[in-house]
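User: I would like a close look at one part of this model. Please walk me through it step by step.

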Amino acid sequence: QNYLEKALKTILENSGLSDQFIQALQKRFERYFKENEKMIRESLTNQIESIMSRKMGEFAAQLPNAFTIDSHLLANSFKMNLDQQELTQLMMSLMTSEKSSYDNNLKKLGYADFDQPSEINIYPKDFESKQEIVAILDEYNEKMKSEDENKVISYTDYVGTLMSSVTDIINVISYVLVAFVSISLVVSSIMIGIITYISVLERTKEIGILRAIGASKRNISSIFNAETFIVGLCSGLLGVGITLAALPPINELIHKLSGNASINASLPVAAAIGLAVLSIILTLISGLIPSKKAAKKDPVLALRSE
């Protein structure tokens, strides 16, 4: 038997049948695996998942008994020499997204390099000084725009912006007041014209008498123009006088409401004279038409009127 085994082994090795058998068997297994690859993979996957699920369940069941924690020993294992405020600052520093660096730490500590300022605040002593500073900055920026754009200074005039808004509001209020004053002037001019015309109607016989004794049309017109001039002058002076008399209590009220004694309402002399002249002009214009009608009346018809 041993002789036959050795002889057959020698024959198989020398003839090459052993290598051919191995190659044929390998090809057979490769073809089998290719044909049944999906089935084999699913079978292995299912078996592995079943085994892992069973082992994880056993591990979870045995985990609570695997170790124990002494809460008192764990609490005494940590000690921090921080009070509540320091602990809060530590937690805030850990939660911030800002990177810790040398420059950021210096910035938090309040360090500033005067050679590299991020901004400069300028506080002028009055509005005239502010205008001079703004003019200097504008002149510098105009020069740098042609030389180096990177050296142009960007500034914000907070007082100018605030005063611009206040000025716009005051202008709107002024326009509204001017509109009301204009309406009142038109209405008063119409009323003066009506009153003058009524005066002409009531004095028709007087006009006839004046014309009969030799008064010209110009003289008749001048009489009513003089009356309107006197009315306008008196009304203008009365308005200016009432304004001047009302200024002290108005200023007291302004001081009380604003808390600033330097704010005062005033009526300039030029404005007072202008108001009086405007009143005279308006009354003269209002009396022109009635005075012309009075000058054109027929003396005979005027004497017959009662």
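Analyst: Start with a term. Two residues are in contact when heavy atoms lie within 4.5 Å. Keep in mind that this is a predicted model.

Now take N251. Helix α10, which covers residues 217-258, holds N251. Set aside the neighbours within four places in sequence, and N251 is in contact with N264 and A265. Is N251 buried or exposed? Buried means under 20% relative accessible area. N251 has a relative accessible area of 13%, so N251 is buried.

Next comes T228. Helix α10 is also the place of T228. The relative accessible area of T228 is 4%, so T228 counts as buried. Which residues does T228 touch, beyond the neighbours within four places in sequence? T228 is in contact with T196, T283, L284 and G287. The T228 side chain also reaches the backbone oxygen of N225, at 2.7 Å.

N225 leads us on to I285. That residue, I285, sits in helix α11, which spans residues 269-295. Along the chain, I285 and N225 are 60 residues apart.

What about the surface of I285? Exposed means over 50% relative accessible area. I285 has 52% relative accessibility, so I285 counts as exposed.

To recap, T228 is buried at 4%. N251 is buried at 13%. I285, in helix α11, is exposed at 52%.

Methods: Residues are numbered from 1 along each chain as its sequence is written. This is a predicted model: local features need pLDDT of at least 70, side-chain atom pairs count only at pLDDT 80 or more; totals for chains, interfaces and linings use all residues. Side-chain values use heavy atoms; hydrogens and water are left out. Helices (H or I, at least four residues) and strands (E, at least two) are DSSP runs, numbered from the N terminus. Buried means under 20% relative accessible area, exposed over 50%, partly exposed in between (1.4 Å probe, protein chains only). A polar contact is a pair of N or O atoms within 3.5 Å; within protein, one must be able to donate a hydrogen and the other to accept it, and residues adjacent in sequence count only if both atoms are side-chain atoms.
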